[in-house]
Amino acid sequence: MSKPILPKENIKLNAVISTKEEAIREAGHVLVKGGYVANAYVEKMFEREELTSTFIGNYIAIPHGTEDAKDTVLASGISILQLANPIDYGHGNEVKMIFGIAGKNNEHLDILSKIAIVCSDEANINKMVNASSEEELLSLFSEVN
């Protein structure tokens, strides 16, 4: 049986994180802990960030690995960090939600588009930022699954 892409364990509510680096590391660590990626994937997330920011607007960032990180992805997965306080993601961009993603066999493109659909609606972003349970966040994404 394949792993669920977004189990409850991959969601961290009110994560106390103060820097972009910390946010990327924690989003990656959740994926490593869940068995979605090898440790090396986290470094590829930093490499990806150096190429271009993974900030997508609306207080959202979606850090993920580079193209050559494919062999470090064991299964497609998403980690979600709901930040206790907004962080500066560079260039004055404030982030309140971090989605760490890893996709097997180019599934990351599909995952990215699903997250983008949910995050394109400001009402959904408010729900995410103010969610008080993992289930509340999961319900927003079950609609696009």
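Predicted model: local features only at pLDDT ≥ 70, side-chain atom pairs only at ≥ 80, totals over all residues.
**Exercise 1.** Find the aromatic pair in the structure and work out what kind of pair it is.

*Solution.* Start with the search: across the whole structure, one aromatic pair turns up. Next, look at the rings of Phe 99 and Phe 141, whose centres are 5.5 Å apart. Their planes meet at 65°. Planes over 60 degrees apart count as edge-to-face, so that's the label for this pair. Now place the partners: Phe 99 belongs to strand S5 and Phe 141 to helix H5, so the pair ties together parts 42 residues apart in sequence. Finally, check accessibility. Buried means under 20% relative accessible area, so Phe 99, at 1%, is buried, and Phe 141, at 6%, is buried too.

**Exercise 2.** Describe the largest nonpolar core and say which elements supply it.

*Solution.* Count first: this core has 24 residues. Val 37, Tyr 41, Leu 83 and Ile 98 have the most contacts inside it. Then go to the elements: helix H1, helix H2, strand S4 and strand S5 each give at least two residues. H1 has the largest share, with five. Zoom in on Leu 83: leaving aside neighbours within four places in sequence, its contacts include Ile 17, Val 95 and Ile 98. A second, separate core has 19 residues, among them Ile 111 and Cys 119.

**Exercise 3.** Is Glu 134 buried, partly exposed or exposed, and what does it touch?

*Solution.* Locate Glu 134 in helix H5, residues 134–142. Its relative accessibility is 24%, so Glu 134 counts as partly exposed. Skip residues up to four places away in sequence, and Glu 134 touches Lys 8, Ile 11 and Leu 13.

Terms used
Residues numbered from 1 in each chain as written. Heavy atoms only, no water. Helix = DSSP H or I, 4+ residues; strand = E, 2+ residues; numbered from the N terminus. Buried < 20%, exposed > 50% of the residue type's maximum accessible area, 1.4 Å probe, protein only. Contact = heavy atoms within 4.5 Å. Core = buried A, V, L, I, M, F, W, Y, C linked by side-chain atoms within 4.5 Å. Phe/Tyr/Trp six-rings, centres within 6.5 Å; stacked < 30°, edge-to-face > 60°.
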